[in-house]
Amino acid sequence: MSHKKIVLLDGSSLAFRAFFSILDLERFKNKDGLHTNALFSFNRMLENILDQFQPTHILVAFDQPGPTFRTKQFEEYKGNRQKTPSEFKEQLPYFRVLLDGYGIQYYDMADYEADDIIGTLSRQADSDDEVIVISGDKDLTQLATDNVTVYITRKGVSELEAYTPEVIREKFDLEPLQIIEMKGLMGDSSDNYPGITRIGEKTALKLLHQFNTVAEMYDRLDELKPSKMKENIINDKANALMSRDLAEIITNVPLEKNLEDIAYKGKQTDLLMDFYRQMQFNSFLTQLQAQTGLEAEAEEVPADLPLYQVIEVDQVQADHLPDRAALYIEMLEENYHMGQVIGLVWQDLDSHEIYLADWDQAIQSPAFKAWLADASNQKILFDSKRDQVILANAGLDLAGIDFDIMIANYLIDTHLAKELADMLTNNDMPSLVKYDEAVYGKGAKQAVPDSAELNDHLANKVKAMGLLVEPLTQQLKDLHMWDLYQTIEMPLARVLARMEIQGVKVDAQILADKNQALLERLAQMEAEIYDLAGEEFNINSVKQLGVILFEKLELPIIKKTKTGYSTAADVLEKLADKHPIIPAILEYRQISKLQGTYLAGLPTYIKEDGKIHSRFVQTLTQTGRLSSADPNLQNIPARIEEGRRIRQAFVPAHEGWQLFGADYSQIELRVLAHIAQDQHMIAAFKSGEDIHEATARRVFGLDPDTVIDANLRRQAKAVNFGIVYGISDYGLSNNLNIPRKHAKAFIENYFEKYPDIHQFMEDIVAEAKEKGYVETLFKRRRYLPDIDASNFNIRSFAERTAMNSPIQGTAADIIKIAMVRIQDALDEKGLQSRLLLSVHDEVILEGPAEEMEVLSDLVPDIMESCVELDVPLKVEYNQANDWYELK
DNA sequence: GCTTTCACG
DNA sequence: ACGTACGTGAAAGCT
């Protein structure tokens with residue numbers, strides 16, 4: 001027999017370590033709600049191990065549940081183990097599926113633990129075989145010999161520490177087998193067996209250096225001088241001998257497997273791909289696909305798929321263009337305002353002919369242009385907003401948008417992955433599309449493949465799109481979201497496309513001037529801070545700043561982050577009077593943020609038309625809000641005057657035009673009052689009084705005509721906010737800077753005065769637990785799989801989310817409806833005015849000054865009346881020459 | 001790529 | 001005992 005390389009893994013120990021090495025239970029979950037963190041980490045570990053050791057033989061040993069010979073010997077053995085988290089337990093069966101995919105044998109055995117299986121196999125190896133034992137449990141180091149190296153995981157599971165006999169000699173001055181004796185003396189708290197009273201590692205080592213083994217120690221007890229320790233040794237003799245036996249790994253278990261049985265077969269690609277798909281391990285799947293090519297994929301495609309015919313066209317002509325098509329435009333850049341089209345493809349959904357066309361040629365083709373713009377030609381699109389923008393930038397109109405795969409997929413479940421490859425898997429369809437990353441690569445290595453591979457990939461995409469329309473439609477209908485999809489999100493996509501294409505005019509000179517001024521101020525402040533610190537350092541480096549503040553200047557440490565000292569603003573504010581450097585840093589941070597993010601950041605997005613074209617991302621947030629990116633125009637400074645002046649740079653597109661802004665007042669609290677049907681809050685809104693003052697009166701039991709001072713109002717406002725966020729005493733105490741008990745009393749009192757709100761909060765959490773999701777007034781769903789988590793923090797977070805999402809989400813529904821109505825009204829009245837921005841509870845338009853009066857009548861009215869609630873919706877509005885002057 | 005900080009509603 | 005207010009995106013430093 002030739003030289004073998006045998007890897008023996010302690011599966012039970014490693015799986016458990018894997019679970020704790022990635023504790024992001026929110027993210028590591030597949031579409032069935034199964035947690036996957038331990039499987040993911042274990043998979044990564046396997047990859048590393050196979051790569052590092054290149055085994056010829058490999059086995060993963062598991063503990064079997066139930067009693068072992070050790071528990072028979074000592075009933076309490078491992079008796080103190082806390083309950084295994086359910087999030088871990090549910091993953092256990094899948095380790096075997098994973099190992100099947102890897103072609104790795106696994107084994108467990110009644111009465112014995114994984115260590116014993118490993119111990120036995122390690123002794124069956126020939127002396128010229130190399131045996132590698134891997135575990136998270138240091139007890140296994142007793143197995144080390146000249147040809148057995150024991151590796152123990154470190155730092156979660158990312159590093160392996162090698163224990164050879166030499167290492168053990170160096171570390172402890174012990175032979176590997178004496179590890180057993182050491183355990184006998186010390187016991188093991190995690191396995192719950194006792195050692196000798198008051199003997200720890202130090203004393204145990206000393207005794208073993210003198211006596212070698214536990215048995216010998218008791219034989220030669222007279223060599224020990226009388227002492228408390230000696231008494232303990234004598235009293236605990238039974239424990240020591242028993243524990244020594246418990247710690248000893250059995251090396252002659254009657255196994256039904258031998259070394260020949262555990263030869264490594266290599267990955268079973270199909271099985272492993274299926275497993276990755278089921279677990280949604282996209283990166284591993286991509287890797288595997290890249291390693292193995294497409295062949296494995298092709299076999300899986302069942303025969304009942306349509307018969308596709310792929311046609312490459314040089315000149316797009318009318319007979320290439322069907323009545324019903326799935327159309328896809330490929331671009332690698334995420335920011336489609338700036339990107340380069342690399343492919344164009346469509347499928348005739350009746351004949352299943354797939355057309356691949358040259359983009360530059362197609363956009364010149366009159367037939368293609370006419371077809372795109374003709375609403376009677378139905379188009380299935382992947383991301384209709386993106387397509388509209390790309391086509392508009394090429395001067396083409398897009399009409400006849402029949403279906404948007406991305407929006408449908410997002411509404412069905414906001415967590416779902418956004419690639420076609422995933423969508424096929426989620427809908428139990430053949431995986432005929434690769435991941436983009438497998439085709440294009442990522443980061444610096446991203447590139448367009450040769451045209452054969454590109455065309456193949458694109459053709460597969462429109463095949464997938466054709467297959468997905470029906471199941472997605474059906475699910476939207478089943479989940480009662482067809483209305484939301486059809487009457488809110490789809491029309492909104494068109495509105496947003498127009499806003500993005502329109503863009504907002506920005507005066508680059510204003511930004512440049514302010515930038516210059518702030519750069520000069522920053523330089524001055526920098527010098528001042530160096531002076532106060534007594535040395536120069538990088539103020540932007542949290543690490544360096546931490547050293548200056550908390551080590552050199554010895555300021556009190558209020559909060560730590562997982563990497564060091566926290567220097568966040570709320571921490572620094574508490575230190576403000578301790579040292580003059582603190583206010584200086586706070587100011588520096590503020591100015592530096594304005595300068596870096598806005599004054600330096602924004603101009604890079606101004607296009608040749610003098611405008612910024614942000615992207616409003618419609619399929620991202622968990623609540624239904626929009627987000628804004630490249631750049632984010634939803635976080636332009638507003639709260640602090642100096643920052644707010646940056647808005648002066650945002651101006652109307654034309655001379656003689658103005659901006660028009662309209663925002664909902666207290667929309668989230670109004671939504672809450674309506675959903676919770678709280679009569680007190682509804683009455684307050686109906687009366688038109690200031691809601692925070694009304695809250696203060698009610699909560700503090702004051703007369704209706706009492707004047708509420710600013711501080712009282714501020715507290716009531718904070719509580720109102722807290723209610724909307726899914727309140728906790730901890731959060732409120734932090735926000736108001738008051739003791740937690742105080743905050744708790746506050747909340748209890750609030751709930752007493754607003755019992756319907758309290759009832760709603762309890763009901764919505766109960767509903768989330770029962771159904772697994774919450775929904776908005778318009779049936780938008782958010783699944784909350786963590787609502788039953790065993791971890792307090794994770795569960796609490798899900799509970800607060802259950803309270804907040806229907807509120808935030810309904811408010812988002814309402815403004816979306818309003819936007820669609822506003823756009824319709826503008827079109828209908830033939831106004832030149834147009835929507836530019838939407839910032840959660842406000843919209844901004846621009847138009848000729850003459851139209852401002854029309855807008856003042858039209859826009860607030862639409863916003864207030866587009867949805868009928870049991871509380872009035874109130875809108876404030878304004879017109880001005882720049883965004884700063886607006887409201 | 002991850003972490004921290006900070007801008008917005 | 002646990003230790004977070006809800007929802008986002010961008011910049012900068014660090015590894």
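Start by selecting helix 11, residues 228–235. Its buried residues pack against helix 9 (201–211), helix 10 (214–219) and helix 12 (237–247); contact here means heavy atoms within 4.5 Å. Helices (H or I, at least four residues) and strands (E, at least two) are DSSP runs, numbered from the N terminus.

Before you go on, a word on the source: this is a predicted model, where local features need pLDDT of at least 70 and side-chain atom pairs count only at pLDDT 80 or more, while totals for chains, interfaces and linings use all residues. Residues are numbered from 1 along each chain as its sequence is written, chains are lettered from A and ligands numbered from 1 in the order in which they are written, and side-chain values use heavy atoms, with hydrogens and water left out.

Which residues of helix 11 are buried? Show Lys-230, Asn-232 and Ile-233. Look down the axis of helix 11: these buried residues fall within an arc of 160°, so they line one face of the helix. (The arc is taken over the directions from the helix axis to the C-beta atoms.) On the face turned away from that buried side, pick out the exposed Lys-228 and Asn-235. Buried means under 20% relative accessible area, exposed over 50%, and partly exposed in between, with a 1.4 Å probe and protein chains only. At the start of helix 11, zoom in on Ser-227, where a side-chain oxygen reaches to within 3.2 Å of the backbone nitrogen of Met-229.

Next, select Asn-192, in the loop between strand 7 (187–188) and strand 8 (193–194). Asn-192 is partly exposed, at 25% relative accessible area.

Now for DNA strand C. Select what is near it (any residue with a heavy atom within 4 Å) and you get 36 residues, the closest being Ser-541, Ser-627, Asp-630, Gly-722 and Phe-792. Colour that surface by class to see 10 nonpolar, 19 polar and seven charged residues. Which helix gives the largest share? That's helix 36, with seven residues; helix 36 spans 792–828.

An N or O atom of Ser-627 sits 2.7 Å from a phosphate oxygen, one of Ser-728 is 2.9 Å from a base nitrogen, and one of Gln-808 is 3.1 Å from a sugar or linking oxygen.

Notes. Polar contact = N/O pair within 3.5 Å; in protein donor to acceptor, adjacent residues only side chain to side chain. Nonpolar A, V, L, I, M, F, W, Y, C, P; charged D, E, K, R; others polar.
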